[in-house]
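Here are some questions and answers for a reader new to this structure. Please look at it before reading on.

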Amino acid sequence: MYAKCGLIKDALQLFDEMPQRNPVSWASILTAYNRSNLPSRALTTFSASFYRDRLQPDHFIFATLLNSCAALTTLRIGRQVHAQFALSPFSSDDIVKSSLVDMYAKCGSVDVARSVFDTISSKNSISLTAMISGYARSGRKSEAVELLRGMEEPNLFSWTALISGLIQSGDWINAFHLFIAMRRDGIEILDPFVLSSVIGASADLAALELGKQVHCLVVGLGFESSLYVGNSLVDMYAKCSDIIAAETAFNGIITKDVVSWTSIIVGLAQHGKAKEALSLYDDMVSTRLDPNEVTFVGLIYACSHVGLVDKGRDLFNSMAECYGLNPSLQHYTCLLDLYSRSGHLDEAENVLNTMPFDLDEAVWASILSACKRHGKTEMGTRIADRLMWLGPKDPSTFILLSNAYAGACMWENVAKVRSLMAAMDVKKEPGYSCVHLGTESPMFYAGEPFDHPMKDRMSVFLKDLDEEMRKRGYVPDTSFVLHDMGKKEKEDQLFWHSERVAVAYGLLKGVPGSVIRIVKNLRVCGDCHTVLKMICSIVGREIVVVAPGMVSLATISPAMRLFILTRPSFTFKDSTLLSTGRTSLIVDCWVGNTPLKNLFPELFALESDKTCSIGSRFLHSNSDGATWTWSWVNTIEAERLADKVEDLENLLKDVVLRNGVDKWYWEGDSNGEYTAIVEQNPDKNQSKQKRG
């Protein structure tokens with residue numbers, strides 16, 4: 001009773017006061033520990049005291065111990081329990097065997113789990129679900145699905161085991177397909193755990209629209225009050241860069257736990273909202289909730305990105321001093337990032353020499369990059385030597401090493417790095433980027449998309465952007481190209497990096513004004529990071545890029561996010577335009593200071609091609625004015641709005657489109673404002689006009 005009410009201390013006190021304990025009382029207290037998320041206490045209590053009572057474990061105790069081993073994924077102790085079970089009078093018990101299947105599956109020994117599963121005489125939904133989960137977690141989808149389809153009546157829990165297992169193995173797409181199949185099979189969702197899992201998959205895919213659809217399903221099924229679902233929604237929206245929605249979801253959680261607070265703190269930290277993250281930490285502590293390890297990762301990361309060195313150091317020290325938490329490699333990595341970003345490289349080196357962990361190549365490379373950035377040549381040389389000793393594998397590390405040795409005039413070491421690159425035949429994994437556009441998610445590989453039907457449009461668009469960026473001071477950083485080739489060839493390689501092609505496609509095909517969301521399989525190189533920021537400024541759009549690895553040392557999540565929110569705008573006030581231009585008829589400002597979509601919202605909703613150009617709708621002009629053609633998705637509704645159409649045509653009556661090609665470029669002033677300078681038909685009249 002005490003255990004089921006969450007009063008574990010009272011249950012333990014009563015257990016200790018029992019004059020004579022039997023297997024039933026032992027099974028009860030061990031189960032109480034497991035229910036209180038204290039499986040390690042269950043194992044230590046059993047090993048320390050059970051045999052003092054001169055008892056032998058029965059099938060209930062075996063099953064409970066195996067559940068503890070499964071929760072801790074401790075295979076060694078699980079095998080010991082298995083051995084005792086095999087020698088006990090209960091060795092044929094199917095309930096214990098089901099627990100064995102679950103333990104081995106969660107510990108990654110799927111084939112051993114299957115061998116135990118095959119010995120179960122009467123297989124029930126519990127053992128089947130455990131085996132399905134084991135296969136799914138290991139990425140063995142076909143075997144998991146085969147078991148599920150072989151069940152007489154697959155229930156919600158077996159479906160959940162399959163879907164959540166695939167999600168844990170990283171097979172998010174197939175998990176969603178199976179979730180849809182489950183819905184089509186009419187499985188009633190009575191437990192929200194599967195919803196929490198698919199929301200998590202949306203976060204891992206950085207698929208905001210998909211996550212919103214699942215959120216709608218959550219609302220429809222009435223699981224808004226579920227703590228697990230609420231926490232998943234906060235995490236999903238934060239990882240998909242919609243921090244406002246993440247805060248809304250957080251505020252909607254009635255009783256918040258440490259996961260709720262940590263999810264929003266980490267999300268705010270990732271979005272550069274350090275003050276808000278630290279303020280929420282104070283709020284969490286005031287509720288008498290203790291932070292966990294992940295909370296401190298987010299807090300130190302937040303301090304790193306705003307230069308709060310003392311605050312970050314104090315938070316790191318408070319882990320052990322105030323909360324008894326031992327800093328992990330991840331915390332040391334964040335602390336190193338804090339020091340290196342702020343130029344405290346001597347302190348960073350002290351941490352390197354005293355920390356109880358071995359760093360991986362990525363962390364050493366990031367510190368080397370910081371040394372170069374802050375002019376610490378001598379320290380950079382020491383870090384470079386350490387990296388060489390480790391044996392670098394990442395192509396970008398070789399670039400850092402070569403530059404570090406070159407900066408120290410250690411040309412012999414530069415030659416060693418280059419010869420090592422040649423000997424290892426360093427090749428980068430082919431880069432690809434996927435852009436989410438709602439109804440489609442096309443994937444682009446690095447290199448010119450020769451076979452793509454929009455190749456020419458994307459090429460022209462990227463060249464226009466490149467020309468504008470160079471006017472703003474952009475110089476391609478060819479040091480990110482490893483191949484031995486000329487400068488022009490290196491610039492061409494950078495030009496066709498997959499994220500740039502994906503951005504071009506998204507800007508050309510996406511809904512005007514919408515966020516461009518891109519998922520990339522490789523880290524974004526420094527040159528593309530610069531380019532993406534400049535493109536955001538030029539086109540006035542928000543771009544979110546999700547890629548493996550963070551730009552900094554910190555690794556709060558396996559994703560890097562780029563958030564640029566500047567939104568410059570321009571207006572064509574002249575009514576004379578070119579038919580060959582890319583100006584959108586409805587979306588762009590070209591007649592007055594307001595887009596036509598805002599002047600005529602009902603007509604905008606009826607337009608079949610909302611990004612259509614001016615030239616595609618212009619027929620001709622004469623003494624009576626311009627004549628236009630329209631394409632409505634609902635002609636009956638368009639007839640009802642005939643007066644609106646007439647108003648639109650009257651507004652556009654004086655527009656004249658000439659034959660020829662205008663050129664336009666941006667000219668900035670000291671206030672940071674840009675003006676479009678138009679050269680009208682430069683081959684003929686060489687006239688220039690300003691379009692503000």
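Two strands pair if DSSP finds at least two bridges between them. Helices (H or I, at least four residues) and strands (E, at least two) are DSSP runs, numbered from the N terminus. This is a predicted model, in which local features need pLDDT of at least 70, side-chain atom pairs count only at pLDDT 80 or more, and totals for chains, interfaces and linings use all residues. Residues are numbered from 1 along each chain as its sequence is written, and side-chain values use heavy atoms, with hydrogens and water left out.

Q: Which residue in S3 is the bridge partner of Ser433?
A: Strand S1 (residues 432-436) and strand S3 (residues 516-520) run antiparallel and are joined by 4 bridges. In S3, the partner of Ser433 is Lys520.

Q: Does Gly615 count as buried, partly exposed or exposed, and what is its relative accessibility?
A: Buried means under 20% relative accessible area, exposed over 50%, and partly exposed in between (1.4 Å probe, protein chains only). Gly615, found in helix H32 (residues 614-617), counts as partly exposed because its relative accessibility is 23%.

Q: What share of the residues of the chain count as buried?
A: The chain has 34 helices and 11 strands. Of its 692 residues, the buried share is 48%.
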